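Look through the structure below, beginning with the ligand.

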Amino acid sequence: RNAPPSPGLAMPVVGHLYLFQDSFLDQLTAWRRRLGNIFSLQMGPFRCVMLNGYDLISEACQKNHESLLDRPNNFMHEEVFEYVGVISLDGREWKEQRTFLQSTLRSLGMGRSVMAERIRVEADCLVATIEKYQGEATDINNIVMVCVNNIISGVTFGKRFSPDDETIVYWLSVTCRLFQLLGSSAVINFFPVLKYVPGDSFKYKELKSIVKKMRATIWKWVEKDKRTVNVSDETFEDVVQAYLTEMQRKKSKGMKDTSLNDANLLSTALSFFNAGTETTTSTILFAVLYMVNFPHIQAKLYQEIEDVVGTERAPDLSDKNKLKFLLAFIMETQRFAGIAPLGVDRLATSDIHLGGYTIAKGTSVMINLDSLMKDENVWGDPEVFRPDRFIGDNGLIVKKKEFLPFGLGKRNCIGEGLATMELFIIISALVQKFEFFAENEGQMPSMKPDIGFTKKAKPFKVRAILRKK
Ligand code: HEM
């Protein structure tokens, strides 16, 4: 029924999966070249449509947004979030969660100096921790992760951890592993029967055990807040406290028609903990990796901070408009790294007419953000790392409409405002304090990412030399 073209014959059981020859993303790019911006794939039992290019993606997410707001049934929503919480819910329940959480994040200071202050404290702590290594070659992944996690854990549970706290280092390594497994075990999405294969070749048992332990730990942190909730409190310190208070308030008024409940709270807190840590940490690590690989860009970043802010005080949000090269560098890092290449997939809840084709109700729709960030017609030389592409001839920042690292429309990333502040404050602090070098002189760490559910820099060590004032 006027379905978008597909790359070939769909075989029984496997559909088009047998046609994947390159890595998943490279194969999608090759098919886009051959089939155009919209094409269909039969992935095992699932019908999927892949959307590429700005025109189609914006038409889908903005014009047709009401038919593309839900999430399809898949492995991640089933196994990790149990189909609840803001990332997995649909319809009226999702709207209630999302509206409540957005307003809570705003009350907690998203985009304002209160939140900037929280982030600044963690950025200072990160700088102090890196300083302790005195220029010795170090993998800073865990250190950055603790810093970023302290921000989201503070916002979510009112909790922070010391960089030496073994519990949090363990949970963060588990988070990384979960993101890896969500990529490598994706085949179970298409063939759920593989869950029951003896042994653990598809790592399903490992994933289940990680999720079970994580959910139990997150619940312990939530319950701690439960003991201190008071319905008459007008103010709150964190998302969980605000959520619990609102739940109690609704209960005390006898309002039963609400999706604010323990199950949704647990999965939402888990999604904040995971999505709020891994993504931002990866982006910061890519920024350090690119600084090491492009010393002339690192020098220009430092020069700008020295000229605009100096070395006596830390850069803050009020400097943002003057630190143009830094902003351009952060945007180029997000574009070049493209850490969430396919976002989080959507479900067509009615027939959608798009690009001359019909996407049938019940189809999974994947929004290829990578196709925007790496579009030759938009960027000219997308495979070159060039922050200047975001600065116009008049010296002002040019934010092209295709630059969409957080997705588009009403179901875009709920953490965009927080992540943008984190990236600015943390990366500017690192540039101001350190000069980063490769572990071994003349041997640059690889910029080729590891691809799981998200993209991540391959493990690398850097020497962070404290700049002289
Ligand atoms: C650089 C950092 C980040 C990037 C690149 C990123 C990217 C994304 C993308 C592409 C989506 C899918 C949007 C869609 O369906 O179209 C998403 C969803 C989401 N993100 Fe982020 N994200 C980042 C940071 C964060 C942070 C800090 C949080 C913490 C609050 C967060 C929480 C979520 C949640 C809960 C969703 C699901 C929203 C919903 O279904 O309504 N993310 N993110």
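Ala, Val, Leu, Ile, Met, Phe, Trp, Tyr, Cys and Pro count here as nonpolar, Asp, Glu, Lys and Arg as charged, and the others, Gly among them, as polar. By these classes, the shell around the ligand has 15 nonpolar, nine polar and two charged residues. The model is predicted.

In total, 26 residues surround the ligand, and the closest are Gly 276, Thr 279, Gly 407, Cys 413 and Gly 415. Two helices, H11 (262–293) and H16 (416–433), each supply at least two residues of this shell. H11 gives the largest share, with seven residues.

Cys 413 sits in the loop between helix H15 (376–379) and H16. Neighbours within four places in sequence aside, Cys 413 is in contact with Phe 406 and Gly 407.

Within H4, Trp 94, Gln 97, Phe 100 and Leu 105 are buried. These four lie on the same side of H4, because they cover an arc of only 140 degrees around the axis. An α-helix has 3.6 residues a turn, so residues three or four places apart point the same way. The face of H4 turned away from the buried side carries the exposed residues Gly 91, Arg 92, Thr 99 and Ser 103. The cover over the buried residues of H4 includes helix H10 (239–252), H11 and H16. After H4 comes Gly 109, with a positive phi near 110 degrees.

Helix H13 (residues 324–337) is largely enclosed by the rest of the structure, because 12 of its 14 residues are buried. Among the buried residues are Leu 326, Phe 329, Glu 332, Arg 335 and Phe 336. They pack, with the other buried residues of H13, against H11, helix H12 (295–308), helix H14 (370–373), H16, strand E8 (449–451) and strand E9 (455–457). At 1.5 Å a residue H13 should span 20 Å, which agrees with its end C-alpha atoms being 20 Å apart. Gly 338 follows H13, and its phi is positive, near 45 degrees.

Notes:
Residues numbered from 1 in each chain as written. Predicted model: local features only at pLDDT ≥ 70, side-chain atom pairs only at ≥ 80, totals over all residues. Near = placed C-beta within 6 Å. Buried ≥ 20, exposed ≤ 12 C-beta atoms within 10 Å, placed from the backbone. Arc of directions from axis to C-beta. Contact = placed C-beta atoms within 7 Å. Expected span 1.5 Å × (residues − 1).
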